[in-house]
Amino acid sequence: MTLHPTVATVTARIKERSRPTRQAYLQQVDAAANKDPGAQRLGCANVAHAFAAMPEADKGRATALDKILVVAPRAPNIGIVNAYNDLLSAHAPLQHYPDLIKDEARKQGATAQVAGGVPAMCDGVTQGTPGMELSLFSRDVIAMATAVSLSHDVFDAALMLGVCDKIVPGLLIGALQFGHLPTVFVPAGPMTSGLSNNEKSKVREQAALGLVGRPELLEAESAAYHGEGTCTFYGTANSNQMLLEAMGLHVPGTAFINPAEGLRQDLTREAARTVLALVKAKNFTPIGRLVDERCIVNAMVALLATGGSTNHLIHWVAVARAAGIVIDWDDFSALSDVVPLLSRVYPNGSADVNQFQAAGGPGYVIRELLDAGLMHPDVLTVRAGGLREFTRIPSSENGQLVWHDAGASRDDTVVRPAASPFSATGGLKLLQGNLGRSVIKVSAVPEALHIIEAPARVFNSQDELHTAFQAGELECDVVCVVRWQGPQANGMPELHKLTPPLAVLQGKGFKVALVTDGRMSGASGKVPAAIHVSPEAAAGGPLAKVQDGDLIRLDGVAGTLQVLVNHAEWDARPLAQMPAELCATNGVGMGRELFANMRRNALKAEEGACTWL
């Protein structure tokens with residue numbers, strides 16, 4: 001199948017735009033790759049420290065010395081970077097993965113060590129609290145922790161164990177700083193289905209109306225989030241896994257296998273075998289060369305085709321930049337115009353990710369995109385068979401892993417072929433106008449609500465909006481502007497707690513929309529939301545000019561976001577300043593003091609909110 005001309009054009013312009021930074025990055029990768037392995041290059045004291053805690057048999061393999069100090073063949077050593085903690089359902093299963101990997105490595109004549117751990121926080125726990133203001137920047141902390149882990153420089157390969165929102169982008173950014181290593185990502189999979197996402201949302205809206213109390217709400221939430229694994233809606237965590245499949249960084253078909261399934265352990269062992277096969281292959285491709293411009297475009301296409309999380313218009317910009325590749329929202333927008341929507345998973349539909357997997361999952365979507373010429377088929381992956389291997393679904397038969405073609409859709413309300421998609425265009429839309437540039441997840445919003453024009457009500461915080469809702473002040477057509485929520489203002493928290501009250505207003509028949517320089521993630525739901533408005537208000541962006549009563553038009557069809565104020569008046573209007581009490585409180589408590597430098601140095605959302613550049 002011939003590559004679609006728009007995909008080819010976008011890839012070419014990314015490649016041209018990135019030429020100097022990509023060349024500099026690859027020079028660093030090649031310089032690191034040309035060094036002798038660390039266990040042979042480092043001083044004896046360094047090596048002794050690195051392997052002192054290893055079992056004796058492993059120590060001999062790793063150091064290339066046997067008990068009588070005779071030089072022996074040195075075994076490859078895998079560095080494991082683990083996001084395990086037992087607070088978070090998605091990462092709790094990772095507790096025992098290192099033991100599986102070490103055992104499998106020994107069977108393959110190699111060794112493995114836990115190089116380090118990275119923090120993993122949950123937006124579901126911190127949502128609407130001061131802790132949420134550490135969320136976005138935790139990605140860069142994870143990247144730094146990954147770099148610290150691998151900086152011991154005694155590894156021939158790496159396995160990245162992590163799943164959720166900032167964790168996977170952070171691990172990937174960190175891994176790309178060690179781009180000379182072959183690297184495979186190892187997820188834990190989603191929890192089994194509990195209370196449906198639609199039923200959970202209904203209870204949340206009832207709670208917002210005061211129709212049910214805390215006991216009923218907690219019972220519903222606990223029925224939805226009930227065991228080990230990722231949340232079952234298609235938010236940032238599960239979008240991560242889809243993108244890693246599309247980039248060829250997983251064992252094929254690993255993304256959405258439940259943690260308790262025996263197949264999950266088999267796939268974890270296969271991850272160790274896969275990365276060791278890369279080490280042993282002549283002229284293997286390390287992750288820094290595997291993640292090229294085509295690979296990044298494939299990830300962008302997969303995001304759009306599945307209506308994935310808007311967070312990745314920030315995170316994958318940062319991931320690309322870590323590999324010397326420069327992408328922007330215009331690239332996403334151009335691809336969105338030609339990439340069809342092939343799946344409907346909550347909040348874009350009623351199905352959860354387990355139903356998505358049962359209907360065909362990532363393998364089905366990737367095959368359809370490849371066959372339609374919408375993905376680069378010639379990319380390198382962690383598997384010798386290339387991206388076509390990722391169109392197949394794994395199973396365990398007679399104790400052996402086997403892969404079968406995804407076949408036809410097993411539920412066309414969940415996944416559809418490229419020839420008859422849910423929509424001819426992707427699930428995300430770029431909005432631009434005199435309020436700046438922003439994005440909207442149109443795939444989650446009913447078509448009748450893609451255009452909203454209504455008076456503005458300006459809020460300086462989430463709490464202000466909730467107070468106005470509870471006081472009955474928003475019983476009207478309204479565009480709620482929530483500003484001072486960008487990276488420099490307070491770390492750009494997600495604003496999920498705004499969805500239930502706005503959904504209630506929408507359900508009453510009012511025209512309602514949200515405009516914010518904050519985030520809403522993959523769970524933004526059915527309310528039109530222009531998010532990530534850039535430049536942010538705290539950086540002098542035009543949201544700082546908006547006043548109560550200004551008429552705002554959000555047009556998800558034309559791709560515009562405008563305040564309908566006379567040009568002369570708008571140009572002359574002064575920028576509001578961030579309230580002093582917000583400035584004082586945003587940096588105090590819950591560890592926020594330690595993130596002051598990140599707030600000061602954060603780039604704008606469209607530049608990935610990177611804090612290291």
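Analyst: A crossing of two helices is called right-handed if the near helix is turned clockwise from the far one by less than a right angle, and left-handed if the turn is anticlockwise. The structure discussed below is a predicted model.

User: How do the residues of the contact of α6 with α13 divide into nonpolar, polar and charged?
Analyst: From α6, the contact includes Tyr97, Leu100 and Asp103. From α13, the residues in contact include Arg264, Thr268 and Leu276. By class, the residues of this contact are six nonpolar, two polar and six charged.

User: At what angle do helix α1 and helix α15 pack?
Analyst: Helix α1 spans residues 5-17, and helix α15 spans residues 293-305. Their axes lie 10 Å apart. The arrangement is oblique, and the angle is about 130 degrees.

User: Which residues of α15 make the contact with α1?
Analyst: α1 passes α15 in a right-handed crossing. On the α1 side, the contact is made by Val7, Thr11, Ile14 and Lys15. The residues of the contact divide into three nonpolar, one polar and three charged. On the α15 side, the contact is made by Glu293, Arg294 and Val297.

User: Which element gives the largest share of the lining of the second largest pocket?
Analyst: The second largest pocket has a volume of about 430 Å³ and is lined by 23 residues. The elements that give two or more residues to this lining are α2 (19-33) and α3 (38-41). The largest share is four residues, and these come from α2.

User: How many residues of the lining of the second largest pocket are charged?
Analyst: Among the lining residues, Ala32, Ala33, Lys35, His180 and Leu181 lie nearest the centre of the pocket. Twelve residues of the lining are nonpolar and three are polar. The number of charged residues is eight.

User: What is the volume of the largest cavity?
Analyst: Rolling a probe the size of a water molecule over the atoms shows where empty space is left. A search of the whole structure finds three cavities of 30 Å³ or more. The largest cavity has a volume of about 50 Å³.

User: Which elements give two or more residues to the lining of the largest cavity?
Analyst: The largest cavity is lined by 13 residues, and Gly253, Gln357, Pro362, Gly363 and Ile393 lie nearest its centre. By class, the lining has five nonpolar, six polar and two charged residues. The elements that give two or more residues to it are α19 (361-371) and β5 (392-397).

User: Where is proline 347 placed?
Analyst: Most residues other than glycine have a negative phi, and most peptide bonds are trans. The bond that joins tyrosine 346 and proline 347 is cis, with omega about 15 degrees. Proline 347 lies in the loop between α17 (329-336) and α18 (353-359).

User: What is the value of omega in the peptide bond from serine 534 to proline 535?
Analyst: Proline 535 is placed in the loop between β12 (529-534) and β13 (551-555). The bond from serine 534 to proline 535 is cis, and omega is near 0 degrees.

User: What is phi of aspartate 153?
Analyst: Aspartate 153 is found in the loop between α8 (135-150) and β3 (157-161). Although aspartate 153 is a residue other than glycine, its phi has a positive value, near 60 degrees.

Note on methods:
Residues are numbered from 1 along each chain as its sequence is written. This is a predicted model: local features need pLDDT of at least 70, side-chain atom pairs count only at pLDDT 80 or more; totals for chains, interfaces and linings use all residues. Side-chain values use heavy atoms; hydrogens and water are left out. On a 1 Å grid over the protein atoms alone, a cavity is a set of points where a 1.4 Å probe fits but cannot get out, and a pocket is an open set with protein on both sides within 12 Å along at least five of seven lines; lining residues have an atom within 4 Å of a point. Grid points are joined across faces, edges and corners, and a volume is the space filled by probe spheres set on the points. Ala, Val, Leu, Ile, Met, Phe, Trp, Tyr, Cys and Pro count as nonpolar, Asp, Glu, Lys and Arg as charged, and the others, Gly among them, as polar. Axes are lines fitted to C-alpha atoms, for helices over the stretch in contact, and angles run from 0 to 180 degrees between N-to-C directions. Angles under 35 degrees count as roughly parallel, over 145 as roughly antiparallel, 65 to 115 as roughly perpendicular and the rest as oblique. Contact means heavy atoms within 4.5 Å.
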